[in-house]
Amino acid sequence: MAEPPGFLTTTINSIANWARYQSSWGATFGLACCAIEMMHTGAAHNDLARFGMEVFRASPRQADLMIVAGRVSQKMAPVLRQVYDQMPEPKWVISMGACASTGGMFNNYALVQGVDQVVPVDVYVPGCPPGPQSLMHAILTLHEGIKSGEFVHV
Amino acid sequence: MSEDTSTQDTTTEETSGETAPASESERRRLQEIWAAGTEEPAWVTAATAEGAQLMLPRDQASPVEVAEEGGTLVNDDRLYELEAAEEETTILNMGPQHPSTHGVLRLQLELEGEIVRRVKPVIGYLHTGMEKTGETLTFLQGPTNVTRMDYLAPFHNELCFSLATEALLGIDLPPRALAIRVLMTELNRVSSHLTWVATQGMDLGAVSMMIYGIRERELLLAFFEKTTGLRMNHNYIRPGGVAADLPDGWQEDVAEIVEAIPKGLDDYHDLLTHNPIFLGRTEGVGVITAQECFAYGITGPPLRAAGVDWDLRKTQPYSGIEHYDFEVPLGQHGDVYNRYLVRMEEMRQSLRIAAQVAESMPDGDYRSEDLKVTPPPRKRIDESMEALIHHFKIFTEGFKVPAGEHYQAIEGPRGELGHYVVSVGDAKPWRLHCRTPSFAAIQALPTLMADQLIADSVAIIASIDPVLGDVDR
């Protein structure tokens, strides 16, 4: 039977994911050098607003995406986990930079060797620090993943 | 300040341990702690040598702690008695995840109404163990490590470490290397201050400053990327010179920077300098006197804003900066507004130095001719086996530095940046210690913030321009 004109059929999941990927709001979790590049990504020159991403929320309760920008020390790890726990589901994590992803060049007593020991990570961004273009690529990758449902774990 | 990120902390230091709660009231107390989410695990407080990191209520804190947190240790000009009763004060936790503490600074504030009475900064949330890591890297690798300390002033860190190493080695550099170093560090001072003006504006509600400051900074970062390959953390200034010569067309780039950024600074002056809201938020706020600066070891723009003519570029010149003509701007009152004016003028002076360097850039080599320190040129490696071996040895073993110790201080964007390097004749430093300006500035926060409104606290934090990578390192 032919569908009547003027209707669009879809599934709840795909329309929900369509809405989710277009409004993934970041929690500011700037830690070190990468935070400066994250600020630059959001500012006028690189203009993250093109992807509906310019809203960085100071409160984790209003955020869907945590961009871990910088090195995570042993002392900071519990704080990071607490902020992650305060974010509402569904939520995503981008590990920005070598330090957040693996500990980077600091293989010592002070740093957590990769933030994936503390929170589940969806996208890793290489670089020290990654430039704004790298971060944007990571965000667009995340958007693709959310849209396709690959990164939606609810 | 949003309520979600700053949770109130009224619990005492007493920890319950890991045993099951004994009674219903104890269970309820634990539930409250859990809901507030603030109490540290018992092992954290037990393991800290400095004792508890929480701010204690007045009846439990020692008089020294109260004086320290009230900012009255140095100068007794405003000893005061709490007007409200003890129960009417609130201890508020701010950070470490807070947008306006410039990184992961954590502050505990005792509030009497809206007035801040005591401040306790808690640091260490970005401790990276860099001084220890520095002992495992050769002198040539050292700048990769120190450049990540103060990530807004990477060139200054590299320069300081390189100067200390060169002093131990006893080598002289060709004039072009010195001039390139001056050019890059002074442009770095501008880029650092631009980040400061962006965040200072944003913290006071002038959000457009964030856009403007970073717009101008992109120009500088593009030039840094062209020269060094990276926008930040360059590892460009190394012991024995710089990593590479300036790129083709650098004169045009510097000329563009020197022309474009003062126009931006004029815009900022139009927007901020006589803006009544900005004046109201900054004039007379966060005053620190010269005497207090000396006591806390504060250097750089906050010291100069207090009227002290002390700039290491003038008093202990390094890297040939004494050959260039520039002025040291001074303030009078030592408040947030004076610090703003001093930094704005410093940017112009740094651009003036950059223009002079670009005009008088000497020809010649950009690295030392000491073959013990400088790797052979890339072309020679293709032609000569010895050059290949030489290159390999310098980058694997490194070069040995004579035994000795040296403290080198330079004028970073935040004040005196010093590296103390001890060598025992090895290819790696035996000890690396860094004297960082933000660390000294953070400990003066009680003096700056006590008896001020809580709304002014963000303005004060921004005005001393702390970089937590510089504090914790």
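Predicted model: local features only at pLDDT ≥ 70, side-chain atom pairs only at ≥ 80, totals over all residues.
Residues are numbered from 1 along each chain as its sequence is written, with chains lettered from A and ligands numbered from 1 in the order in which they are written.

**View 1. An open sheet in chain B, in the order E1-E2-E3.** The three strands pair in antiparallel fashion (strands are DSSP runs of E, at least two residues, and helices are runs of H or I, at least four, both numbered from the N terminus; two strands pair if DSSP finds at least two bridges between them). Strands E1 (90-94) and E3 (115-122) of chain B sit at the edges, each pairing on one side only. On average, neighbouring strands are turned by 20° against each other, direction ignored. Look at E2 (residues 106-112) of chain B: seven bridges tie it to E3(B).

**View 2. H7 (residues 175-203) and H8 (residues 207-228) of chain B, packed together.** Their axes are 7 Å apart, at an angle of about 165° (axes are lines fitted to C-alpha atoms, for helices over the stretch in contact, and angles run from 0 to 180 degrees between N-to-C directions). H7(B) and H8(B) are therefore roughly antiparallel (over 145 degrees). The contact includes B:Leu187, B:Val190 and B:Leu194 from H7(B), and B:Ile214, B:Leu220 and B:Leu221 from H8(B) (in contact means C-beta atoms, placed from the backbone, within 7 Å). By class, the residues of this contact come out as 12 nonpolar, four polar and two charged (Ala, Val, Leu, Ile, Met, Phe, Trp, Tyr, Cys and Pro count as nonpolar, Asp, Glu, Lys and Arg as charged, and the others, Gly among them, as polar).

**View 3. H1 (residues 12-22) and H5 (residues 132-148) of chain A, packed together.** Here the angle is about 165° and the axes are 7 Å apart, so H1(A) and H5(A) are roughly antiparallel. A:Asn17, A:Trp18, A:Arg20 and A:Tyr21 of H1(A) meet A:His143, A:Ile146 and A:Lys147 of H5(A). That gives three nonpolar, two polar and two charged residues.

**View 4. Where chain B touches chain A.** Chain B brings 30 residues to the contact and chain A brings 32. On the chain B side, H8(B) gives the most, with five residues. This side has 11 nonpolar, 13 polar and six charged residues.

Note on methods. Parallel < 35°, antiparallel > 145°, perpendicular 65-115°, else oblique. Contact = placed C-beta atoms within 7 Å.
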